[in-house]
Amino acid sequence: MPEPLDAALTEVRALLLDPALTRAVAAGRRRGQRPSVVRAELRPVTLKAGPRLQISTSDGARPYTRNVAPGAEAGAAVDELLAEPFGNWHVETADSTLQLRVTKSGEAQVHRAVASRPAPEQGGHDRAKDWLLDPGDPLFAEIGGSAAKRRQVDAFLRALAATLPDDLTGPLRVVDLGCGNAYLTFAAYRYLAQRGLDVELVGVDVREDQRRRNTELAGRLGWADRVRFVAGTIADAVVDPAPDLVLALHACDTATDEALARAVRWGARWVLAAPCCHHDLAAQLRARPAPAPYELLTRQGILRERFADVLTDALRAGLLRLHGYRAEVVEFVDSAHTPRNLLIRARRTGSAPTDGQRAEYRELIDQWGVTPRLETLLAAAGQTRA
C-alpha cells in the first residue's frame, strides 16, 4: 500500500545514518523532476582518520566520491541527497533491507525485509537463501514475471557476478541481444548499478513494438538515459559504442550463434549466453550416417537431439577458444526451473590458439561431418581461425 513520502524518507534517513548500514543506492527520478546527479551510493568505510560515510555520486559522465564524518556532517550530506527527487532508494543494513519507489502520484511504495539467514538443511549443511535482487524489489512491480522467471534471472545474475572482477571500475557498456520483453535487461541494469558501476545498457530485439514497449518502461523507471532499446536483428542492429559485456538469454537455435559471433566481432570482454533449442546440428546429423562406432548415439531420435545439444555447445566453446576467449559451459540454474539451463560463459584473453587446439576442433567437426553455424558466421566476417 502507498505510504506518505515524507514518513518513508524519514525512515530511509534513519537507516542511512545507522551504524549497521552496509550499502545504499539512490537512482531514477520522480515524475516531472530530475535529480542533479544520476545516482548516488553510500557505504561505510574505515580510513586512517576513523570511520566515515562514503558517498559516491555520478552525473552520468564522471563519478565523484567524498567521505564525511559521522554526526552532523553525515547528517547534512544525507539530507542533501534525500532532498533530491530520486525515484528509488535501496538501503541495506546488517539486519534489514528497505526498497522505496516513488509513485507517479508522489506517494511511496515501500518494501521492507529482514536480512536473510542461512536455513538448516538435511545433512547438517546450511544454504543461504539470499537473492541478488530481492523478489520484493519495486522493479518487479513494473516488469512483472513469474516466480520461475525471477529464479532464472537471479541465477543468470549470479553467473554474471562470478564473471565480472570484484574491482571493476569505470564505465561498463552492456548489450542484451534478443532481449524480448527485457526482463533480464532491466534486472541486469538494476544489479550492475547497485554494484556502483557506471552502466549503459542496450537491449536489442527484432520487434519494433517490443522496442516501444521497453523504451516506455525504461522511462517509467527513470532509466531512459541509461537503458535504451533498438529494433533490429542480432546480427545487424546498430549498437554504438561496442559493448564490453554481451548477454543473451535463451536466444533460439542459431540466434545464439549470431549473438556469439557479434560478441567476437565486437571484441567484447565478457560474454554470457544461455542457449535455447538446438536444431541446426541435429538436422545435419540426421542427414548423414554417424561415424563408426557411434551409430547408437544417433539412431534414436531423442538421443540424437540430446547429443546434438551437447555437440553444439561444445563446438561453440571450442570456437570461442580459437578466437581469444576462455570459455566454459556451466549449469546456471536447476533444471527444475528450466530444461534449458546451460550457460556459455566466456572471458576475452586475447591469447592466440595453439596448433593443438585448432587440430582438436577440426578433427571433431571432420569426424561428424558437420559445419557449426558459428563457424560460418565468423568466416563470413573474415575471422576464421579454425
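In which loop is Ala 182 found? In this predicted model, Ala 182 sits in the loop between strand E10 (171-177) and H5, and its backbone adopts a positive phi of about 70° although the residue is not a glycine. Ala 182 has a relative accessible area of 0% and is therefore buried. A second case is provided by His 250, which is likewise not a glycine and has a positive phi of about 60°; His 250, however, belongs to strand E13. Most residues other than glycine have a negative phi, and most peptide bonds are trans.

Cis peptide bonds are found at two prolines. The bond that joins Asp 240 and Pro 241 is cis, with omega at about 5°, and Pro 241 is placed in the loop between strand E12 (227-231) and strand E13 (245-251). The peptide bond from Ala 292 to Pro 293 is also cis, with omega near 5°, and Pro 293 is located in the loop between helix H8 (280-286) and helix H9 (295-299).

The largest nonpolar core comprises 43 residues, and those with the most contacts inside it are Phe 156, Leu 157, Phe 186 and Leu 192. Helix H5 (residues 183-194) contributes the most to this core, giving nine residues. When residues up to four places away in sequence are not counted, Leu 157 touches Leu 132, Leu 133, Leu 184, Ala 187, Ala 188 and Tyr 191. In soluble globular proteins, nonpolar side chains tend to be buried together.

Turning to helix packing, the axes of helix H1 (residues 5-16) and helix H2 (residues 72-83) come within 10 Å and cross at roughly 145°, and this crossing of H1 and H2 is right-handed. On the H1 side the contact involves Leu 9, Val 12, Arg 13 and Leu 16, which meet Gly 75, Val 78, Asp 79 and Leu 82 of H2. By class, the residues of the contact of H1 with H2 comprise five nonpolar, one polar and two charged.

Val 78 has a relative accessible area of 0%, which means that the residue is buried. Leaving out residues up to four places away in sequence, Val 78 touches Arg 13, Leu 16, Leu 17, Leu 42 and Leu 53. The C-alpha atoms of Val 78 and Ile 55 are separated by 9.0 Å, the two residues being 23 residues apart along the chain.

A further helix pair is formed by helix H10 (residues 301-322) and helix H11 (residues 355-368), which pack at an angle of about 150° with their axes 10 Å apart. Because angles over 145 degrees count as roughly antiparallel, H10 and H11 are assigned to that class, and their crossing is left-handed. The contact is made on the H10 side by Phe 307, Leu 311, Leu 315, Leu 319, Arg 321 and Leu 322, and on the H11 side by Gln 357, Arg 358, Glu 360, Tyr 361, Leu 364, Ile 365 and Trp 368. Classified by residue type, the contact of H10 with H11 has nine nonpolar, one polar and three charged residues.

Technical notes
Residues numbered from 1 in each chain as written. Predicted model: local features only at pLDDT ≥ 70, side-chain atom pairs only at ≥ 80, totals over all residues. Heavy atoms only, no water. Axes fitted to C-alpha atoms, helices over the stretch in contact; angles between N-to-C directions. Helix = DSSP H or I, 4+ residues; strand = E, 2+ residues; numbered from the N terminus. Parallel < 35°, antiparallel > 145°, perpendicular 65-115°, else oblique. Left-handed = near helix turned anticlockwise from the far one by under 90°. Contact = heavy atoms within 4.5 Å. Nonpolar A, V, L, I, M, F, W, Y, C, P; charged D, E, K, R; others polar. Core = buried A, V, L, I, M, F, W, Y, C linked by side-chain atoms within 4.5 Å. Buried < 20%, exposed > 50% of the residue type's maximum accessible area, 1.4 Å probe, protein only.
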